[in-house]
Amino acid sequence: MQKKDFGGEKGNKKNSLSSSESSESSESSESSASSDSFPFPSLHLSHTLAPMLRSHFLLGLLAVVLLAPSSMSALETIVWDFRTGGDAGQWDIQGFAAPEQLAEGVRLSPDPSTGGRMIRVAELPAFDAIRLVFSKTVPGGGSVLWHPRKLAPNLVGELKFALAGQSPETVEMNVSQYADWDADLDAFGFQLDPGSDVVLDRIELLRWSPLEKIQSVWQSFWHFDHFFVYSINFLWGPILQFTPMGEAQLFTTMPPFGWSVNRIFYAILLLTAVILLASWFKHKKANGKKFARMFIGVFLMLWLIFDLRMGLETMSYAWHDLTSYAWKPPGQKIFRNYQNLYDVIEQSLPHIKNEPHFVFRGPPKTPFLGIARYLAYPSTPLLEGDDTSSVHHWLIFRRPDIGVTNGRLTMDGKPITGSGEIIQDFDETSFLFRIR
Amino acid sequence: MKLLLLPLGLAAPACIGWCLLRLLEGQSPVLGRVERWVFGSVLGLTFTLFITFLAHIVFKVPFSRVGFLSVQMLLLALTVLPVTLLKLHTIPPAHSPREESTPRWAWILLSMLLFWTFLKILLGSAMLVSAPTYLDDTLSNWNLRGKLFYETKALTLILPTQRPDATIPSGISSYPPTVSMAKAWLADLAGTWDEGLANSIHLIWFLGALGIVFFIVRRVSSTFWGAVAVYLLACLPLYLIQGTNPYGDVFFSAHLASSVGLLFLAVQSQDRRERNAFLRLSAFATALLPFTKNEGLVLYLPLVCAVLAGSFFWMIKTKRLSQRDAGIALSWYLGLALMIIVPWIAFKMAHDLPFGNAKGIAGMELAWQPGVINAIMVNTFFEGNWLLLFPLLILLFIFCYRAAFFSPLAVFSAAFLLLYLGQMPIFMFTGLSTEALFQTGYARGLIHLMPILIMLTTLLLRDGWMRLRKE
């Protein structure tokens, strides 16, 4: 939680995005956003019931997921539509030059020194995720801001996001997975960093039904990670997520968000032990072995489920390698997160392997040079700054800044070699260049 | 098709290992033929490569096909001849595996799990031999050095990752060259560097570790429990991943399991000759530890010595081992260890190679490293690496404490606790804390211990099972 001047009711209202149309629709938006509008009321458990219900959580989860028809979708969405004629509601806007209303949304150009922010002061019902849909962006970033009702006015939650610069671009944030998140809000908004320039299409606040959340838990249990360099040192294992968005984003961050399934397993084991111990005492400590066997049975069942889950994940690594690399013909081989790097180098080897040195240029801050060095050895790649005048081959991998102009290799338009020719083209930004 | 060269490349070292073990057993063979092949394949290859290393630095025997072969032929002659002359191969082993009554349902369940395990290993093996080199340490150490040895036909210490004019060896070169030499030998045999063939050797070490665990557990229980141990070890996701990728830790774990496992068999043995034979075999496996990974010399050898000292103390105190036999056994341990350690350390010192885990241990400052305990807890209890092994082990330690700490199984318990807890100060108080914080070295340390841990877990499970069945 950060200490910030959030603005709010007493903030400096520099611009107000509203029109008669939008204020009218704002009302409907507010009303649709009230907690009553959600068809599924919050689940209130009494203290006495809660432990029992929790004990049946996993079984219930399984039953519900298996029995529920997939059509039972109950996603609730609050939409603030910024397109012409859309329902955007009332916003306090600071730090933006006069927002320009376009057909595809509102154009926001933040102040080049301070950035800009849009705040909506209103009571909002609980929601799980946020979706910001932009019609157009430039590379930059910003933050989603929120103010929990119980906090002082100058304390806000902040969650950063990056913008790649695409048309359109969607930012999805599964806010409920963050420890700082408090669903009891009285203000919500976002800020854009200086240099950003976006056309905001709409903002969506999403809330999934308990059934959908249970389904997400089940699906996230079976959501496998891919084989990365870290997989030789640790495997995350099953991570439980509670929304479809969280499930879709699983293993895309380091570390991944969510609950380790071990927590559930340990809870089940503990609960089993407590129940069995209680029963054992109730039976005046008779039949201890029977209770021990029951505990072992539960433990064995959890072990087997875990083994099945992890076994399938490890097998999926191999299967993925076989189908995307080993069984593919040259030119179509993709290897894990390094894409066609190995394929490119392998295809270049007949040219570069018989010479003492070659030049490799790949994306910075990647281990690709080391891989090229290993695969091409005893031919070795020269390093940045080395004299390349005696080298005959330049292997370029995924470098859009390097091309060929007038028969010479150029970087950012400046020649870096003598004249030569591309002897192998691998993709739009990867090729093998030979100096004449 | 080059993969067919793997058994050919292993034949002579495995044979050398078989004969060496048989010679060490002397007139009281304790290992079954298949058992000896399993131990012999793992230990024999390492020993053969050690002698090749010696021949290379002393007599300049190159790392070429002829060079490797000449050492192997000589060793083969030196080991096969005495075995044949003394007719040692004709003496049958005294031990035959016991069989215990096991419920039918347990066998059916275990068979299904073993089939499931077989599928996982099969696919993992396919990945091992068909995927290109991807992992950091493989690219900078195991395979790169193998390729270097193969291309230069020598134990070259300046790596291609260094500047061409570099004169000081890379820290990576401080690692024992065993794994890389094995790859260079296979490449020499094939006449070319083949990724699949070079990596396939890791499968042998993985299967070797499974075999070692199976035979040690079976020896003190039954085939059923031996198979349970195989399932338990192979189903651990991180061990399976390490076993089916070109990494050096499963290789090391097989040696450590041999060293401690054979010591355990000696401790639990009721027969004097059998016990002495196991101690000689354990001495041989222990001696090889420094030539496997750097950790083998600076971390595990001292701790194994501590377990050894405790075991000897207990055996002498309970009059299982006479002081004379203890002296002879210790001489074996000392003599064999010095045979490996002295040339290796001399070589390291002569070339100014550091001691430690590629990063030198000299000059490390001691200070509390925050966050390490949390990282260790997460890796051990909240990830998919070990399934529910550690909670299971804790429960077994509680409910089977007599078997765990007051029976020969205490060798495994002590080995695990000493070796595991012995690593903790390194993570908690030195700059190597990054190995725990980034979950690199910590998990590998557990990989080293996993066969020992699984043997202990299986035998404790059996103890619990027996107690439950007594009704």
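## The interface between chains A and B

In this predicted model, chain A and chain B bury about 5,100 Å² between them, and carbon and sulfur atoms give 70% of that area. Buried area here is the accessible area (1.4 Å probe) that two parts lose on being put together, summed over both. The contact involves 54 residues of chain A and 60 residues of chain B, where contact means heavy atoms within 4.5 Å.

The rule finds 25 residue pairs in polar contact across this interface, both at pLDDT 80 or more. A polar contact is a pair of N or O atoms within 3.5 Å; within protein, one must be able to donate a hydrogen and the other to accept it, and residues adjacent in sequence count only if both atoms are side-chain atoms. On the side of chain A that touches chain B, α6 (261-282), α7 (288-326) and α9 (368-376) of chain A each supply at least two residues. α7(A) gives the most, with 25 residues. Helices (H or I, at least four residues) and strands (E, at least two) are DSSP runs, numbered from the N terminus. By class, this side of chain A has 37 nonpolar, 9 polar and 8 charged residues. Ala, Val, Leu, Ile, Met, Phe, Trp, Tyr, Cys and Pro count as nonpolar, Asp, Glu, Lys and Arg as charged, and the others, Gly among them, as polar.

## Salt bridges

A salt bridge is a side-chain nitrogen of Lys or Arg within 4 Å of a carboxyl oxygen of Asp or Glu. By this rule the count over all chains is 31, and 2 salt bridges cross the interface of chain A and chain B. A:Asp386 pairs in this way with B:Arg163, with the closest N and O atoms 2.6 Å apart.

Within chain B, B:Lys293 forms a salt bridge with B:Asp249, and their closest N and O atoms are 2.5 Å apart. This pair links distant parts of the chain, 44 residues apart: B:Lys293 is in the loop between α11 (272-288) and α12 (294-317), and B:Asp249 is in helix α10 (residues 249-268).

## The second largest pocket

The second largest pocket has a volume of about 1,600 Å³. On a 1 Å grid over the protein atoms alone, a pocket is an open set of points with protein on both sides within 12 Å along at least five of seven lines, a cavity is a set where a 1.4 Å probe fits but cannot get out, and lining residues have an atom within 4 Å of a point. Grid points are joined across faces, edges and corners, and a volume is the space filled by probe spheres set on the points.

This pocket is lined by 43 residues, and A:Ala292, A:Phe295, A:Ile296, B:Leu461 and B:Leu468 lie nearest its centre. α7(A) gives the most to the lining, with 12 residues. The lining divides into 36 nonpolar, 3 polar and 4 charged residues.

## Cavities

The count comes to 3 cavities of 30 Å³ or more. The largest has a volume of about 60 Å³, and its lining includes A:Arg336, B:Met127 and B:Tyr134.

## Basis of the values

Residues are numbered from 1 along each chain as its sequence is written, and chains are lettered from A in the order in which they are written. Local features need pLDDT of at least 70, side-chain atom pairs count only at pLDDT 80 or more, and totals for chains, interfaces and linings use all residues, while side-chain values use heavy atoms, with hydrogens and water left out.
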